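Morning, everyone. I have one structure to show you today.

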Amino acid sequence: MLRFETLVSSGQGRNLSNPAPGFLNNCLRLVRSLLPQSCQLCGAEDVAGPFCAPCLADLPWLPRNRCAVCALPLASGSVCGACLEQPPRFDRVEAVFAYRFPVDALILAYKYGGRLALARGLGELLAQSVARDADAIVPMPLARGRLAQRGFNQAHEIARVVAACAGIPLLTSACRKMVDTPPQAAQPWKERAKNIRRAFVCDADLKGKRIAVVDDVLTTGATLNELARVLRKAGAASVHGWVVARTLPR
Ligand SMILES: [Zn+2]
Ligand SMILES: [Zn+2]
């Protein structure tokens with residue numbers, strides 16, 4: 001059985017957010033493409049992608065029956081009660097996995113355990129799962145303080161992979177997060193929407209553009225909702241969330 005410690009301790013070198021010159025990045029990409037890959041979960045050698053087929057099949061894929069807006073799994077119907085009652089500012093969320101083991105452990109290992117190479121596998125899976133119907137991709141911004149603490153923006157690194165796979169421009173500096181809000185996971189549910197209010201600034205002219213916001217995890221949707229409000233104010237015609245994993249209610 002896979003353990004979180006295994007994921008963290010097999011950490012690989014940092015090479016991402018403060019971008020190396022393009023030439024160096026291209027060299028790294030070439031070297032990686034020539035090396036046989038091993039499964040990021042069980043370590044099986046010579047696999048075609050980031051995970052071997054049995055590990056891939058065992059991942060907690062989000063069920064097909066889900067809310068067309070927020071991606072919450074549904075027993076019946078197409079839009080959940082919450083989205084019907086109070087439609088969010090974003091149009092739709094596309095999520096690949098439920099935020100459950102081992103995806104939760106992978107994402108924690110990626111964010112806090114130095115497994116930055118996981119951005120590639122997670123980004124590729126996300127790119128394969130979404131409709132790719134966007135004119136531009138915006139990574140979920142991270143406040144400056146948090147960025148300094150972590151050394152990289154986890155959403156940005158995944159967004160970079162998605163943008164390259166999907167051939168969609170990545171707007172790296174269109175939006176900023178001005179307020180370093182407490183980690184959403186640590187907040188009581190009702191506090192989250194309140195804390196995130198007015199946290200983002202967008203300088204870009206997004207008139208008529210279909211924007212996809214890439215993030216690692218969607219919890220309540222409060223953060224995406226607030227960013228969508230700001231993106232729409234900047235002219236965005238639509239805002240979709242493309243996320244690796246979605247937290248499910250207990
Ligand atoms: Zn495997
Ligand atoms: Zn919903």
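Start with C42. This cysteine is partly exposed, at a relative accessible area of 48%. Keep in mind that we are looking at a predicted model. Now take C55. That residue is buried, with a relative accessible area of 16%.

What do C42 and C55 share? Both are protein donors of the zinc ion, ligand 1. C39 and C52 are donors too, and each of the four cysteines uses its SG atom. The distances to the zinc ion run from 2.3 to 2.4 Å.

How are the donor residues spaced in sequence? The pattern is C-x2-C-x9-C-x2-C. Look at where two of them sit. C42 is in the loop between α2 (22-34) and α3 (53-58), while C55 is in helix α3 itself, so this pair ties together parts 13 residues apart in sequence.

Next, the geometry. The zinc site is tetrahedral. Angles among the 4 donor atoms go from 101 to 117 degrees.

On to disulfides. A disulfide is a covalent bond joining the sulfur atoms of two cysteines. How many turn up in the whole structure? The search finds 0.

Consider C175. Its nearest cysteine sulfur belongs to C202, 3.7 Å away. Is C175 buried or exposed? C175 is buried, at 8% relative accessibility.

Definitions and conventions:
Residues numbered from 1 in each chain as written. Chains lettered and ligands numbered in written order. Predicted model: local features only at pLDDT ≥ 70, side-chain atom pairs only at ≥ 80, totals over all residues. Heavy atoms only, no water. Donors = N, O, S within 2.8 Å, 3.2 Å for Na, K, Ca; no water. Tetrahedral: all angles 85-135°; square planar, octahedral: opposite > 155°, others 65-115°. Helix = DSSP H or I, 4+ residues; strand = E, 2+ residues; numbered from the N terminus. Buried < 20%, exposed > 50% of the residue type's maximum accessible area, 1.4 Å probe, protein only. Disulfide = S-S within 2.5 Å.
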